[in-house]
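Dear colleague,

I am passing on the structure that I have been looking through.

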Amino acid sequence: MTTDSTTATTTTRRGALGLGLGAAAATATGGFRRARAQHPAEVKVAVLAPMSGPWARAGILARLGAEMAVDEINNAGGIRALGGAKVKLVIYDAGENAERAKNAAQRMVAQEPDLVGGEGAWLSSFTLAVTEVTERAELPWLTLSYADSITERGFRYVFQSSPTSSAQARQTLPTILELAERATGRRPRRLAMIADNTAAPQGIVKPIREGEAARYGLTIVVDETFTPPLSDATPLIQRVRSARPDFLLLLSTAVPDDKLLVEKLNEYGLGQGRLPTIGNGGHWGAPELAQVTNPQILEGMMFTLSNWPGKGHEDLNRRFVERTREPWLGHDSLLPYANIRILCEAMERSGSADRRKVAEAIRSLDLQNEGPALLFPSRRLKYDERGRLMHAEMVTCQWRGGVPQVVFPEAIATAQALWPRS
Amino acid sequence: MRPGALPRLRRDILLLIALAALYLGVSRMVENSYYLLMLTLVPIWAVVGLSWNLFSGYVGLISFGHAVFFGLGAYSVALTMNWWDLTPWLGIAIGAVVGAAAAVFIGMPTFRLRGHYFALSMLAFPLVLLYVFQYLGYQEVSLPMKREDPLLWLQFTDPWGYIVVAVALVAIAMGISMAVENSRFGLTLMAIRQNELAAEASGIDAWRWKMRALVLSGAIAAAAGGFYACILLVVTPEAVFGVLTSAQALTVVLFGGVGTVWGPLIGSAILIPLAETLHAELGNIIPGIQGVVYGLAIILIMLLAPEGIFWTVRDRWLRGQVAPAPALRAADADADAGAARAEPLVPPAPHTAAPLLEVEGLSKSFGGLRAVDDVSFHVAPGEILGIIGPNGAGKTTLFNVLNGVLPADAGHAWLAGEPITGRKLHAICRLGVGRTFQVVRSFPRLSLLDNVLIGAYGAGLTGEAATAAAAEALERVGLLHQAAQPAGQLTNKGLRLMELARALAGRPRLLLLDETLAGLGHEECDEVLEVLRRLRAEGMTIVIIEHTMHAMLRLADRFVVLDHGKVLAEGAPRAVVEDRSVIEAYLGKKWLARCST
């Protein structure tokens, strides 16, 4: 096969180039020759995310986050335990469907035999397909995807840096109630829910409907499910208005639906915090949501999600905004940033670029208030035996003056939650 | 088995075996796991393409919904493995059964629809299932990882194992496709594709054959989907029921060549690696550009090779080469024809015998328009009856009512004493009524013999008997020497005669010919008339609609003149054309007045 032989040649060429560089470095540094010979000149980590197709924006944000992590590590001297080896980021495009994502993963594994680990692939169905490949290659893989199934397969090399879907479902209601009680001094009683029929929102509303609501003394006054994309939000919001709930769970999964729903809430005089409204997921904090609606309409809108930069991350946020010209550092860039940081931390701790040893180092991480643990709301970093983040806490944000601010948990909050007392 | 199929089949099977061996050999040498994955996906999409081709390629009803079968197959494997810890081998088999069952449910309501309507309704099924599987909570079903018994669980550590299974799957799908294409089944499907009405008029029960094709196609697509699940290891509604999946099935076939077993193979072998290479090489530079280049590549190839690569290359290859007349077949045919002559199927009968066709008070209305109004006539055995009349007189409608295309509102018709009104189209054909249509429908790429064979199959003949009947029919119209020629190379006259032969191959007692002479030149017309006269000499009874009056005067024994659905005149040709009312109907009152002065 011609293609095969070409790749073989390029690999050899690349290898030879690497060897040459290594040799040059070794000669230049003279006395460190032995140390150099044991350590690679660079270590490769990968981001595999949708860079094209309908989810390309998420992939771009992931790349921006990961690039920042790599640059910062390299500027600080690379991986010290590996003799200052530089980190090299390789990007793979997961494309627009699970097959493409799996193909990309296979290509990555085949063409980067010296890859240490990676992060991706944003959409949980992509991550499921990708990790089937990385697991067989024993490649440590970190992901922000939160479907429970990702860590239910008995895999040893997958690490989930977000609370799982079911954990988020369990945490959502108590988090919101606590927030309301702190802001107003009393517990809400009447709950309205609007959810689309995809996996994540249904994972949240189902347990609420089946007993959680009753457990927290809530009456469900509206319970509506819609199929995205929504063409008109009027009937849904009309029902909310006439039922007069204390708060509304608005569980959509895409910016276009978000836009229709918040605009309709405004039109009916329920927006801008008059009816406390809570969404879920990173899309609620996307800058493009502010672009397609406007900051006034979003004012007061809350959303829960697995991570968001809060108190103590101001500098991180500033650095990101400076280098990327994005309006702010959000969920989709923060977690890839954190994941690459964790991979490098594991390399430091294991003193190795061997993927098995690095995976073992990730498994044994137990950090609190230091290193990459600072990038998580609980300030803790430890994965359980399934690869799930332990002590995972959700973050609640609220749109304030055109910017999402963390309002919960208090430790990292940058603003007081706005929750009307009426 | 179609005549001449055996050597072609032998050649194709040898080629297939050689290709499969080569493919397995080459892939064995590949070590890059990514290329191995590509080498697995190519055969899988080829199987999906073959499945699509088996139905849409041959029947001609474009399916935009083959993802429905593919998805059901994939979910059958994923769910049975999760629920009952069932091996994917059984899962794939179950998937094939589910796919076949789905085909029955889908075919029942949709076969009423034709053309775009069918295509659109097929589009709906996978979309419905997509939402159903989402609703049922199967958004992401992953196949449990099995670290032991790789063969049992289809989870090979050596990726070459997947290629072997995929190639085996292609071989099976190719085997089925080849068997279909070279048999009565395939020819019947192609007949339906050309003209469902004509096929039914040749005695073919179109609904049943379409259903058989869809069931087979559904089972194959589902098996491919089941195996695909083992490759991807995670099944999501979007991945298997998505529009892209249906489109992929269609694209590989259109690209490679429709209506041939090799088309899907060629299409898949080019498009799948092309898309992936573009994605891998360009996607990293300008994300999304791969889709643009891929689209342009498809547009370019479709412009240069509109019928798909297979046909374009083959036509270029064969250009200038004339297919050698198969001597063997001609000799066979002669022997068969001899046998047929020894035992004449259509006994010449004297004109005095009881009428072969009796029509009494036949009526048909479309709303307020009485297209056929109380028409009665009879046709004696061995007679040529000409039906003439101005445009819109109801001639073709009369034929349509006679051979069961349309039900009669009132009246009766008997063929040799048997009532034929109220019977189905193909049943009337089997009683012995052959028919040709105003617009000739042929299969341009098939040989003349294959074209005519459809008529023989329709009449219920099989195997050798069908071939003999087709050869005999060709001989009767004088086309036997061209039997091996593709119909696409025939002149208009040749096509008319071929259609006549197709009707004759069903060994009818009565022929209904609808404007057989239309569009023919003077000399060509004479030649066809000669054939018709010869048929009459052999004892055939013919009812013919025709506008060419001078030809009719030379051919017909008797005329029936229709005007506004009613019988205006009836009798010997000369007497009829001089009838004042007939001239008036044809040429108007003014003309009549001028004639009289």
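Below I describe one sheet in chain B and the strand S9 within it.

This is a predicted model, in which local features need pLDDT of at least 70 and side-chain atom pairs count only at pLDDT 80 or more, while totals for chains, interfaces and linings use all residues. Residues are numbered from 1 along each chain as its sequence is written, and chains are lettered from A and ligands numbered from 1 in the order in which they are written.

Strand S9 of chain B (residues 510–514) pairs with S8(B) in the parallel sense over three bridges, with B:Leu511 as the bridge partner of B:Gly434 and B:Leu512 as that of B:Arg435. On S10(B), which also runs parallel to S9(B) and is joined to it by five bridges, B:Ile542 stands opposite B:Leu511.

Five of the five residues of S9(B) are buried (20 or more other C-beta atoms within 10 Å of their own, with C-beta atoms placed from the backbone), so this strand is largely enclosed by the rest of the structure. B:Leu510, B:Leu512 and B:Asp514 point one way from S9(B), whereas B:Leu511 and B:Leu513 point the other way.

With best regards

Notes: Pairing = 2+ DSSP bridges. Helix = DSSP H or I, 4+ residues; strand = E, 2+ residues; numbered from the N terminus. Buried ≥ 20, exposed ≤ 12 C-beta atoms within 10 Å, placed from the backbone.
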